[in-house]
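Could you walk me through this structure? I'm new to it, so please take it piece by piece.

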Amino acid sequence: MLRSCRPKIWPSRAVRHGLRLLSSVPPITPVEKIIIDGIKATGPIPFATYMQMCLAHPTHGYYMNPQHPIFGPKGDFVTSPEVSSLFGEVLGIWFMSQWMQSAKLPIRVVELGPGRGTLMHDILRVVAQFGGDRLVAVHLVETSPTLRALQERRLSPSALKHEFALQWHDSVDQIPPSSDAYTMVVAHEFFDALPFHTIQKTELGWQEVLIALADADSSAGAAEPHPRFRYVLSPQPTAASTLLGHSSPRFNDVPVGARLEVSPAAFKIARTLGTILADARTPAPPHACSRGCALIVDYGAAHAAAQSFRAIKAHALTDPLHAPGTCDLTANVDFAYLAEAVRDLVLVHGPLAQGAFLARMGLHERVEALAVRAGDGDDSAAALRAAAQRLVDPAGMGGEYMMLALGGHAAADAGGVWPFLDAPAG
């Protein structure tokens, strides 16, 4: 999803003088009221608690409220699968290329956070073409009843046609183990929406940055972007901040004063995926084989971010503390952290920029073949090329998204798994 619009700016003079202009201060949302009451009762809260409440509150959370038009031009953002069905087609080709190098076991496909089911629908079209008689199950990890209904409408016809089981789960932990199937996992814009903690290295150790209520006096609110909340540092290192600060050897060299966004939820889920994909009968990496493969596609890099927390509303960036529960919240993914979670279980490849992945997998050749079929001067041919360019544009989706692969069956002595051959090891 492209999120490169100007952020919302609150009127600093009104904040500095303690004014609460109706035009600049939104009404308190249901989620905001719950958060405010919680902070009043127990004190400042971690970013993880705030994010969990805003996105996943059972009735008022962003992904749980059916009144929120999340995806598409009329929603808050557009994702790669919504730009072109060729995105899912290329991912499907990668998955099937890995399966063909395996023992060609029965296939099950897993998606974390399937959205409207668009990506899974496009992947299944490829799977059905090259191995439809081996497809036995599709597992969808989704907590939103509204999105589950959309996914069911989109995917049920395929399930009926190809006679595979369609199953939903609330968490990755609920996906049953399988020793007689090859598991393909896709997670597109899933990890960036997981709760995270912000920690800061100080002379005392690692302390946590928390969300507190804005001070009543005007001077304290001058530097705050939102009239109801502010960021504070925990008085002392906590058990959680200390554990997170030492959860990766990479964090040891961080200088005093630096901040890191760390998601233990992301680490745990990645570890679970590694367990699902690992084949206990084979040696440990780098000589391991697996009983499946995974593609993780998201914003981020092979390092932790310092301050990437942001909100998206109506295709524009806005203050993440603005109107809680009505905006999508996201933070950059630390792909190196995900790799650390699984590298003793399965091979890790990348991360590689989305544009490079798609180009090396033959996106442009596929587009030109379709353009010729449509008629080179036809409007549909131009639309195909424009959509493909948007997916690979290094200044947009092609450079902002990264892809990390887990498992796979290309031997290590071949240099890795295509198209990740020259990508840094995870």
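Ala-266 sits in helix H9, which covers residues 264-277 (helices are DSSP runs of H or I with at least four residues, strands are runs of E with at least two, and both are numbered from the N terminus). Keep in mind that this is a predicted model, where local features need pLDDT of at least 70, side-chain atom pairs count only at pLDDT 80 or more, and totals for chains, interfaces and linings use all residues. Residues are numbered from 1 along each chain as its sequence is written, and side-chain values use heavy atoms, with hydrogens and water left out.

Back to Ala-266: its relative accessible area is 6%, so it's buried (under 20%; exposed is over 50%, partly exposed in between, with a 1.4 Å probe and protein chains only). Leaving aside residues up to four places away in sequence, Ala-266 touches Phe-191, Leu-194 and Leu-338, where contact means heavy atoms within 4.5 Å. Ala-193 is 73 residues from Ala-266 in sequence, yet their C-alpha atoms are 9.5 Å apart.

Now for the nonpolar cores, meaning sets of buried Ala, Val, Leu, Ile, Met, Phe, Trp, Tyr and Cys residues joined through side-chain atoms within 4.5 Å. The largest has 50 residues, and Leu-91 and Trp-94 are among those with the most contacts inside it. Helix H5 (residues 85-100) gives this core its largest share, 8 residues. A second, separate core has 29 residues, including Val-110 and Met-402.

Finally, there's an open sheet of 3 antiparallel strands in the order S12-S11-S13, where pairing takes at least two DSSP bridges between strands. Strands S12 (316-318) and S13 (328-330) are the edges, each pairing on one side only.
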